[in-house]
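Try each task yourself before you read the solution.

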Amino acid sequence: MNYFSLNNNCLSLFAPRHRANLSKDMTRGLIITLLMSTALPAWAVEIDDSTTTPVQTSTANNGSADDVEVTEDGEIDLTEQPGTTAITVDSNNSVTNEGEIVAEDTDNVTAIAVQADVTADITHIGSIDLYEDYDREDEDDDDDDDGPLAVGSNRIGINVASGGTVTGDILLDYGSILYIEGNDSAGVIVGSSLAGDYTQQGTISVFGDNARGLAFEDDVDGDVLISGTITAQGQNASALEFEGDVSGNVTIESTISSTGFTSTSATNYVAPIYVDDDTEAVEDRLDEDDLYDNATAVRITGSLGHGLLINGAVDDFTSEEDEDDETKDTIDDFDENRTAGRIYSYGSAPALSIQADSDEALVLSGVVETVRDTTDDDDDDDLDEILVTFSYDQGLINRGTIYATGQNIGFDATALSIDGSNDETGTVSIEGGILNTGSIQATAYEASSTALLLGSGTSIGSLENSGSISSTIYTLTNDVANGLVISDGSELETIVNSGTISASSNGYGGQVTAILDESDTLRSITNTGVISGILISDGREDDETGLQIAIDLSSPNGGATIRQYQETPTEDVNGDDEIDEDDVTEPTIYGDVLFGSGDDVLEILDGGVAGDIYFGEGSANFVLSNSEFVGDTYFDGTTLSLSIENSEVEGDVDFGTASGTLNFLSSTLFSGNLTTRAYGLNASISESEIILLEDTSLNLATLAVTGSSILDFEIDPQNLKTTPFISVSGTASIGSDTTIRPTLTSFIDDDFQVDLIEAGFLSFDEESAELATDNVPWIYNVSLQTESSETDMLSLDFKLKSAEELQLDSNQSNALGAVLEVAMDDDDFGSAVTQLYTEHNFQEAYNLLLPQRTDAATRYLESQSNAAFGALSDHLEFARASSESGNGAWVQETYSHVSYDGSNDGPGYDGRGLGLALGYDHSIFGIDAIGIMGTMTDGKFEEKTGGSNPVTMKSLGIGLYATEQLGPINLQAVGQIAKVDHSSYREINLEDYTSEVSGTWDGQTLAASAVASTEFGAGPFRISPSIGLDYFKLDQDSYSETASNGLNLWISDATTDKVTADAGLSFVYVWRGGGDPNRTGPAYSSYTKSNRDRPLVRAGLDIGYRSTLSTTPYEVEAGFVGYEQSFALKATEEFSDAATLGLSLLAGSDLLKIRFGIDGELSTDATAVTANAAVKLRF
């Protein structure tokens, strides 16, 4: 057999030193002894059936002492025998219970009682059931049960009397049950000193007021193994108590719990986001008798010679190599033989309390772990065989769970409490400190919680945490959550954290601290995990009354060092086949860090920090490397050293009156305000970018900027600084490769100057230094200036650009004054203007500030009118082509598209839409046809200014028309009036500023057209020349826009008109079955009915030229609503002459004809295209 030992947490393997050597005489003696023992009686008194008679070991065998065994079939029933004991051990004999010991509704009964000063083994394999026929009932009709948990009293499963020593082992074996109902009752009480081992693998359950699960009231000279569940429920219930010393190891590897509540799942807490008018009042959710408090789940008041082990797995990650390795030669190889221990407290009592009695020195020595063969590795059916023994440095090791929850409103929660005596005469020492690889957690509701409390009179030495130590509260007020508290009078020098130490509040009013040192003994914190103090939203607004502190060392005067770095990865934890930094936790500190008045060191060498840092009156050494830091830093001492390398920092730094060094090195990015009240710092900036915010007031002794560094100055023009950003009493050396980059946060419509650096002597080459304008608003010109007098000064000179320099067109120039007025008045908009850094961005944003300022509406609506008139012409073409007479109805649908390219003085636009034209005509008064027509259009146009700025138009129109043929000349005239509904939308989307602007207004169009045409040719091929004159007028009403966030305009009314003349040729091919191909433009009466019934096909090609004779352009007055300045907007486009082109195809017969066509108007800078489909019905 091999033996293992672990000293300083190192494993050693060694063989037995001596081989056994039995002499012949010794062998002979052993044989004689064996023969003598077989001559003695080897059986115990058996109880193998049901009996009501109590038994005493001293008289068990017909008046003689003997062992007692209750077999599987045996039962001792104490029902209706109050004050009795089933088995009394009053002699040096053992008891084994494989059967049942029961009592129903019987008080003052004990299943097994052991008197003091006996030698006896107690083995419980069966069941002990001291119960009562009682159930809680709903007595007040509130839908929950009422009354106490139990009504009987003083019922005990196993009771070892006090006042002496009992020699022997107590075993509650696998599958055993010990169930007790009754007030002031207990599962197992060991009142005397126990010289032997206590092993529990079965369950203990006790219900009732003052319930006690397992209590050691005196010393134990042996080991204590709790491998079975212990449950204690009732007011002041306690699950496990150690009042004496234990010489061996104490191991918990099962679930132990205590509560005074009637339920461990029901709660009277409701989160604020779920509270409404129908939510019950707190007092109505649970009754008072449901909310009794408990006593400590596990309480230790004696020393533990081999420490306390709450068991569980050593390693929570198993690699493929470990899975394939079946040899058990390391600590974690035995994890399959370990079972997790869990200690739960539901109520305000601690889950685990270690507290010294008065005048006592309680000591937890290093843990000794014995690993049993629970998986039966050697197939010998012995699960209790010891495989290996490990010795550890720490006196308290938690691999499992220590959990306390208040569960209901107003109950504090403490998971682990270690404390000296209340009168401060007793002390607690944990040799080697505490090792936590499991979970220590406390949760409270509208109350305070603490995960780990080190009280006065405790000496711990060190805390090593690779698991979780967490405290959580749910609060509407200012309740407190602490992860670790080191009280005044306690001693803890070192914390090594690779897991999580946290405190959190669901509710912004909470006061949370992950690590709180009130003892002035904590000197070192090493963090490779997470330390966090955070406030979490519970759905209510943050009133900024809460505190979120990661580490509070403000009480100590002796100074402390906090060091954070990333662990070196050794295993492929994330399974990506690479062992790299992704396989270890990124070290992080969330929450504020507070130092005391001593000399303090903060080294953040990797990971991140999110929270403010406060250094006290001592000297401060702050190092950031390869890290990210978000928060403010305050120095209250007289000397400091701040070194930031290859890190990103966002936050303000207040150096106070300290002297020392300030270094920004190697790719550091800093953004914040730097302030000092003395000239004691020597600053160096190398290969870094420093963004100095507008409240910076940095006084330095010297300054050196090198290595292509960037100095970014944030400037508020509306609140210009009266002092430089940086003032140097000595020399300020700005390297020639340095970049100066200004950033503006507000807008003023004037020129201004900003002082950047003042120095006794300024070394700066204005010619070679780079001024970066990528963060300078396009609306300004900026230049660097140096000036020397009593001191040297480096400044920036800003000048507002003119409209010409901004490259604005005439309409934009007209609006500039009004836009600047708004930018000066509206800080949000003004700030957004300062974030337009390029001409493109500025122009795009500027254009969206203005309403429509082109003749797009005129051109688009004119195209729709032309399309409607084209539909009429198509219909009349039907008539001429077929020479019909009589009533005629027609309908035509059109799609129109217009496009204008724009010019240097105005934007272009695109428009598109659908139209519907219909009409009816009849020959009357000797005129070939007189008719009425109606039109409906729906479309939109959008100016090409970038962004979203559509204008939609819907119109309804009515018109009259007539046509007559005078000899070879066909005459056509039409007039129409239409109502137009306009709506506009502009989405002004700037950086950090958005406004949706919309407007609606009415309008009216008037359109007229006259055309004369004829037709030449014989046979199917024809040529038809035509000339025409068109008039179009658009009236638009005045209107005011609405906006979601300002920048809405008022716009005056406007009138536009246009007169055009056109001439064209149509080339036509006509085919008609059975018809006369030689006709030339006959009148309606020229053909007989038989002619008209024949099918007709007509294809045409139209070419022409359209000339604009006169126009009145779009012109309005406009201004921003609520502001004084107004400006004129006038369309700058010119309607140039255009070529026209069309294709058409007509087919039909007497009753139904269909035509398809496409027409285009093409000029050098604009196009208008119309596609249409028409149907004519004759009746």
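Here come some ground rules, then the exercises with their solutions.

This is a predicted model, where local features need pLDDT of at least 70, side-chain atom pairs count only at pLDDT 80 or more, and totals for chains, interfaces and linings use all residues. Residues are numbered from 1 along each chain as its sequence is written, and side-chain values use heavy atoms, with hydrogens and water left out.

**Exercise 1. Find the residues that make the nonpolar surface patch of about 810 Å².**

Step 1: start with the rule. Patch members have over 30% relative accessible area and no salt bridge; like charges are joined within 9 Å, and nonpolar side chains (Val, Leu, Ile, Met, Phe, Trp, Tyr) within 5 Å. The areas come from the Shrake-Rupley method with a 1.4 Å probe, and for residues only the protein chains shown count as cover.

Step 2: list the members. They are Phe1016, Ile1023, Leu1065, Phe1067, Leu1101, Ile1103, Leu1141, Leu1143, Ile1158 and Val1169.

Step 3: Strand 87 (1054–1072), strand 88 (1096–1112) and strand 91 (1138–1148) each give the patch at least two residues. Strands here are DSSP runs of E, at least two residues long, numbered from the N terminus.

Step 4: check one member. Ile1158 sits in strand 92 (residues 1152–1162), and its relative accessible area of 42% makes it partly exposed. On this scale buried means under 20%, exposed over 50%, and partly exposed in between (1.4 Å probe, protein chains only).

**Exercise 2. Describe the largest pocket and what lines it.**

Step 1: know what counts. On a 1 Å grid over the protein atoms alone, a pocket is an open set of points where a 1.4 Å probe fits, with protein on both sides within 12 Å along at least five of seven lines; lining residues have an atom within 4 Å of a point.

Step 2: get the volume, which is about 1000 Å³. Points are joined across faces, edges and corners, and the volume is the space filled by probe spheres set on them.

Step 3: look at the lining. It has 27 residues, and Val314, Asp315, Asp316, Ser466 and Ser498 lie nearest the centre.

Step 4: sort them by type. The lining splits into 11 nonpolar, 8 polar and 8 charged. Ala, Val, Leu, Ile, Met, Phe, Trp, Tyr, Cys and Pro go down as nonpolar, Asp, Glu, Lys and Arg as charged, and the others, Gly among them, as polar.

**Exercise 3. Which strand gives the most to the lining of the second largest pocket?**

Step 1: size up the second largest pocket, at about 400 Å³. Of its 23 lining residues, Thr199, Leu225, Thr370, Arg372 and Ile386 are the closest to its centre.

Step 2: Strand 33 gives the most, with 4 residues.

Step 3: sort this lining too. The second largest pocket has 7 nonpolar, 8 polar and 8 charged residues.

**Exercise 4. Where do Arg986 and Glu1041 lie, and what does their pairing tie together?**

Step 1: apply the salt-bridge rule, a side-chain nitrogen of Lys or Arg within 4 Å of a carboxyl oxygen of Asp or Glu. The count comes to 31 salt bridges.

Step 2: check the distance. The closest N and O atoms of Arg986 and Glu1041 are 2.5 Å apart.

Step 3: Arg986 is in strand 81 (residues 969–990) and Glu1041 in the loop between strand 84 (1039–1040) and strand 85 (1042–1043), so the pair ties together parts 55 residues apart in sequence.

**Exercise 5. Is Asp797 buried or exposed?**

Step 1: find its partner. Asp797 forms a salt bridge with Lys799, the closest N and O atoms being 3.9 Å apart.

Step 2: read the accessibility. Asp797 is buried at 14%, whereas Lys799 is partly exposed at 42%.

**Exercise 6. Where is Asn236 placed?**

Step 1: note the backbone. Asn236 has a positive phi of about 65 degrees although it is not a glycine. Most residues other than glycine have a negative phi.

Step 2: locate Asn236 in the loop between strand 24 (230–233) and strand 25 (238–242). At 40% relative accessibility, Asn236 is partly exposed.
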